[in-house]
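This report describes the overall form of one chain and selected local features of another. The sequence and structure are shown first.

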Amino acid sequence: MKVFIAGKGVISAIGNNVAENFASLRNLQTGVSKITVLPTRYAETLPAAEVKLSNEELAQRCGLNSSEPRTAFLSSIAAKEAVADANIPDFKKWRTGFISANTVGAMDKTETIYKYYLEDDNTDKLIEEDPYDEGYVTELVANQLGINDHITTISTACSSSTNAMAYGARLIKANQLDIVVAGGCDAMSKFTLNGFNSLMILDTNPCTPYDENRKGLNLGEGAGYVVLVSEEVAATLAKKPTTILAGYANANDAFHQTASSPEGKGNFMAMQGALEMSGLSTKDIDYINLHGTGTSNNDLSEGIAIQRIFGDVPKVSSTKPYTGHTLGACAGIEAVYSILSIENGIIFPNLRFQTKMKELDFVPVTELLENMEVKHVMSNSFGFGGNCSSVIFSKAN
Amino acid sequence: MSKQVSISSYLLLRNNQIVVDGQKVFENKDLSSTDFLQAAYDHFQINYPKFFKMDNLCKTGFLVAELLLRNQKLNEKFQPEEIGIVFSNANSSLDTDIKYEASIATAPSPSLFVYTLPNVLIGEICIRHRIKGEAACFVFDIFDAIFQTDYLNSLFETEKVKTCISGWADYYNGKAEAFFYLAETGKENSDIHNSLNVNKIFQGI
Amino acid sequence: MSELIATLKVQIIEQLNLQHLKPEDIGDDQPLFVEGLGLDSIDALELIVLLQQRYGIKLANPQDGPTVFKTVRTIADYITAHKK
């Protein structure tokens, strides 16, 4: 039973839709810059990859009330683009799910309310009455999409969106649903910026993943979704799907709350599991979209695990120098980039890379590669809590 | 059709009581929930200093997983990647989110920040019990036994796991609640793993 | 110096939630990380916060952590050398 990808949608610091993202990727246009939207004391010192639109502008674009959380605006814009792109006839007649991942929920709203709460603790009721959790964001957007057969939120840190896609595919394979809009979203917040800063893993310059002299990550925001459909639905589409979700796996590193094990055990098992499900060998993989956050720890563990599995390492790059690390959204955004890579025969470069890591035998792609045959792409996402996921996209025949 | 999945053991923590397979094993109504968690840790003579560093959600879930698994010898019976853990809750990591948010004003605390994700509970349990299989965490308003059993049964059917820890762990507003059970195949005398049986256990106390 | 070491032990136990330990359980020259007390990278970050909050000392480069935080005595030495 194949699971086809019928549509995709994305918003990130490098564009408000798929076409804009694709253009920026090709033009080597980074989204990492000085913080201008989030009100923070770090605006001058910590670069990030923001979507350069105010809440009011985003709300207007997606038709939600501007008092709703920013994460929901990003989610709505990308999810609607994905559904429109799939253009499924009689969308309503199928059993449809919305599986959306995020990690911050409505943290931006909580941050605002918290200030008032400190002055008057009756304000606490606001948190009780308006559910600002992760699921609230999913429900807002599901309502807009008119999806009500199955709605859920997955929260497994930075691997969340991969797990959302894997779960969606599983529901289709188990004949529980016909269509699943799956992916994730996350907005910037003071909460995450201060948190990652307290862990001392933020680069004060634009990040340089897989570089010997890497200094950490830049945070980003955005959303990315794919529309997964069954074979039966795929057969009804005017525009034939270009890609299938060929394999996926999730494994726990079981090492530390936030750090990866030095040998990347969880990373290894996730990649191996995805390969096994897809029935592909390591030689078949044309490109790996790395998790590649730019922290000393992630890139080393991931790199060592890749080396161990692949031996002869295929073309690899991290697209986080473009988009920053968008946490719960990153695997959704990078799924869209992986599909663009297959559809257009293009491999996107790992911007700003200069020096090979001494522990690794391979280096990432540093220039835009065009006219490539890209049939199979692996995309990695590894999160706090030891949660490691890999997914493989393959060209549909 | 694959082998029948059943509930081989379960544990429930609610209203300052702990129930194992239907038997109340510990109770202390006079304590706050945080003191209750500490009292249970002491009572069952658990020796795992990392416990003291965990946030309330992790302490709640860790304790229940600890008592559920202490006599199971999972690591003798299964490979680490054959064991899964799937749980859900209503309040995510909100209890710690609020504390961490407060720390931003002075010095954002790294040790609070690492607990501002609900799935870190899975990480803590995986580290303790050497579990490396499927690890998922869902957020729902209330415990959804139909979802939970469907999800697990599909893991078994597709041979993703040979045994799986499943349940609910929530901590918010000074209220701790956790419910974990162990799902396995080949246990003929145990309750069948379906939503009816799981719900019945969950409603327990 | 011995007074500072004694104070530090109390502060470390409090900051890192080491409730299973008493100050006298921590040796002045006992390694704090891995084979010693078994502290990890998050504890190192909390120690950086401790230095900043209690002693006004900023450790800008986390790479210095392993040397500074080797033992309670090395921390005390660092504080003595850097305190304004």
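## Overall form of chain A

Of the 397 residues in chain A, 62% are buried. The model is a predicted one. Its secondary structure in chain A consists of 13 helices and 10 strands.

Along the principal axes, the C-alpha atoms of chain A occupy a box of roughly 60 × 50 × 40 Å. Among contacts in chain A with a separation of 6 or more, 79% join residues 24 or more positions apart.

## Helix α2 of chain B

Helix α2 of chain B comprises 14 residues, 56–69. From its first C-alpha to its last, α2 of chain B reaches 20 Å, close to the 20 Å expected at 1.5 Å a residue. Because 14 of the 14 residues of α2(B) are buried, this helix is largely enclosed by the rest of the structure.

## Positive phi values in chain B

Most residues other than glycine have a negative phi. B:N16, a residue other than glycine, has a positive phi near 55°. B:N16 belongs to the loop between β1 (5–14) and β2 (17–20) of chain B. Is B:N16 buried or exposed? B:N16 is buried, because 20 other C-beta atoms lie within 10 Å and the cut-off for burial is 20 or more.

B:R130, also a residue other than glycine, has a positive phi near 50°. The loop that holds B:R130 runs between α6 (120–129) and β5 (135–139) of chain B. With 14 other C-beta atoms within 10 Å, B:R130 is partly exposed.

Key. Residues are numbered from 1 along each chain as its sequence is written. Chains are lettered from A and ligands numbered from 1 in the order in which they are written. This is a predicted model: local features need pLDDT of at least 70, side-chain atom pairs count only at pLDDT 80 or more; totals for chains, interfaces and linings use all residues. Helices (H or I, at least four residues) and strands (E, at least two) are DSSP runs, numbered from the N terminus. A residue is buried if 20 or more other C-beta atoms lie within 10 Å of its own, exposed if 12 or fewer, and partly exposed in between; C-beta atoms are placed from the backbone. The expected span of a helix is 1.5 Å times one less than its number of residues. Two residues are in contact if their C-beta atoms, placed from the backbone, lie within 7 Å.
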